[in-house]
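I am keeping these entries as I look things up in the structure.

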Amino acid sequence: MALNYIWIALFVLGFLVGVLKLIFFGGTEALPAMMDSTFTYAKDAFEMCLGLTGTLTLWMGLMKIGDDSGLISRLARFLSPVLTRLFPEIPKGHPALGSIFMNMSANMLGLDNAATPMGLKAMQELQSVNKDKDTASNSMIMFLTLNTSGITIIPISIMAYRASNGAADPTDVFIPLLLTSLCSTIVGLLVCSAIQRINLFNRYIFLMFFVIAVFVASLFTCMAGMNEKEMQQFCRVLTSVMIIGAILIFILSGAFKKINVYNSFIEGAKGGFQVAVTLIPYVVAILVAVGVFRASGGLQMLQDAISSGVNALGLNSDFVGALPVALMKPLSGPGARGMMLENFSHFGVDSFVGHLSSVLQGCTDTTFYILAVYFGSVGIKKYRYAVKCGLTADIAGMIAAVFFSYFFFPLDGGQPQKKEDVNKGDATVEYIQKSPASDEDAKDIFTVISLNDTPKMTINPM
């Protein structure tokens, strides 16, 4: 229900801002821009779902191999002591437990494209044990809370964006990002567990956190003494090994069980397109609403009002420049990435706002987008307290992002590099062209398309 009110408010507030600009200031740009944004974002939403089809097809095919070979069942049994305490509604050994673990692992590595199909598969498994098919179960809400606030151990995509924009040290957000995402995850887990009356004080939960701590410490030990190039290459190689290794494990598990691996993959992959088509209306609804509110100028007005309030309290308001990333992040991942890139070009990638934008981009996930897509994929209409838990984790992560950014990065007054005549869209492209990375390297990471003053980004396969 909360998402319903927010969706309506984005349209209504956007329209009111546009009308007020026209009546009192004679501004004729806002309303046409809002109209244009409905077509642009609807097209973007469709293309986003279409682009997701290939990834969905690949990973759903692999998941089918894992299901037929019994790999997922074995993984679920191994993890059941921990996961059954967080998801008491799920029977021991159920395939959903394996899908949940794989989704969380992909999120920890910052691999959104791999995490999404695994998450959708997990939702399908959770729906199979859900008694009320149009209402979110406790297990679904716990899963989405952990998903939207997931720990990011290796933020490979954000480091790639920073590198292509000429950051002196693209990896300097590594520790702040790890700490902020850990804060959001702990808060989300505590809030959801309190509502569901789950006891977290047991040896298996403590063991899980101990393993995570050892893994993080091992990463720091491996990266100690590396320069930025070596560290970035290490992260890329490690991520590649994990992804290719996971694919090989699925394939070899099927071969070991002497099943027809190819036919099993094809059978599972057929569902990729069907799931992508199911997602289209939900993604269109979210992105168009966000686009209308942004095009109206309402987001900018909100940012200016917050800045004035912070200054009136006598507090440092440098963080306000990064607020568009924080406000957009729960609604739209591409929108938040576009605003992060805009801040890179406007304030500088190594400015305080540039660093904070990077941390905010990775500290939580797109709560409303994930709720709409994951619940929509299985026909859930009643979200219950899912929005509250997700937003609580988001807010905790954002507060932590501001705190750790003030701690780790120097203040620079939050002033734009070219305050007088900067064209945000052109500046984004220009800044990327000045990157020390070669043109071919930049194309391998992402493509930026400038549309007036709204930089839009298309992720290229990595």
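Entry on helix H15. I listed the buried residues of H15 and found Phe352, Val353, Gly354, His355, Leu356, Ser357, Ser358, Val359, Leu360, Gln361, Gly362 and Cys363. The model I am reading is a predicted one. Since 12 of the 12 residues of H15 are buried, I noted the helix as largely enclosed by the rest of the structure. H15 covers residues 352-363, a run of 12 residues. From the first C-alpha to the last I read 16 Å, close to the 16 Å expected at 1.5 Å a residue.

Entry on the cysteines. How many disulfides does the structure hold? I found zero. Cysteine 363 is in no disulfide, and the nearest cysteine sulfur, in cysteine 183, is 9.8 Å away. Cysteine 363 has a relative accessibility of 0% and so counts as buried. I then turned to cysteine 389. The cut-off I used for a disulfide is a pair of cysteine sulfur atoms within 2.5 Å. Cysteine 389 is buried too, with a relative accessible area of 0%.

Entry on the nonpolar patch. Which residues form a nonpolar patch on the surface? I wrote down Trp7, Ile8, Val12, Leu13, Phe15, Leu16, Leu20, Leu22, Ile23, Phe24 and Phe25. Together they have about 1,100 Å² of accessible area. I picked out leucine 13, which lies in helix H1, residues 2-25. Leucine 13 counts as partly exposed because its relative accessibility is 44%.

Entry on methionine 301. I located methionine 301 in helix H12, which takes in residues 298-312. Its relative accessible area is 45%, so I put methionine 301 down as partly exposed. I also checked methionine 301 against valine 17. The two are 284 residues apart in sequence, yet their C-alpha atoms are 9.2 Å apart in space.

Entry on positive phi values. I looked at arginine 197, a residue other than glycine, and found its phi positive, near 60°. Where does arginine 197 lie? I found arginine 197 in the loop between helix H8 (174-196) and helix H9 (203-223). Arginine 197 has a relative accessible area of 76%, so it is exposed. Lysine 258 is not a glycine either, and I read a positive phi of about 60° for it. Lysine 258 has its place in the loop between helix H10 (228-256) and helix H11 (261-295). Is lysine 258 buried or exposed? Lysine 258 counts as exposed because its relative accessibility is 75%.

Entry on the whole protein. I counted 19 helices and two strands in the secondary structure. The protein has 462 residues, and 53% of them count as buried. I put the accessible surface at about 20,900 Å², with 66% of it belonging to carbon and sulfur atoms.

Key: Residues numbered from 1 in each chain as written. Predicted model: local features only at pLDDT ≥ 70, side-chain atom pairs only at ≥ 80, totals over all residues. Heavy atoms only, no water. Buried < 20%, exposed > 50% of the residue type's maximum accessible area, 1.4 Å probe, protein only. Patch = residues over 30% accessible without salt bridge, like charges linked within 9 Å, V, L, I, M, F, W, Y side chains within 5 Å. Areas by Shrake-Rupley, 256 points an atom, 1.4 Å probe, with all protein chains shown as cover. Salt bridge = Lys/Arg side-chain N within 4 Å of Asp/Glu carboxyl O. Helix = DSSP H or I, 4+ residues; strand = E, 2+ residues; numbered from the N terminus. Expected span 1.5 Å × (residues − 1).
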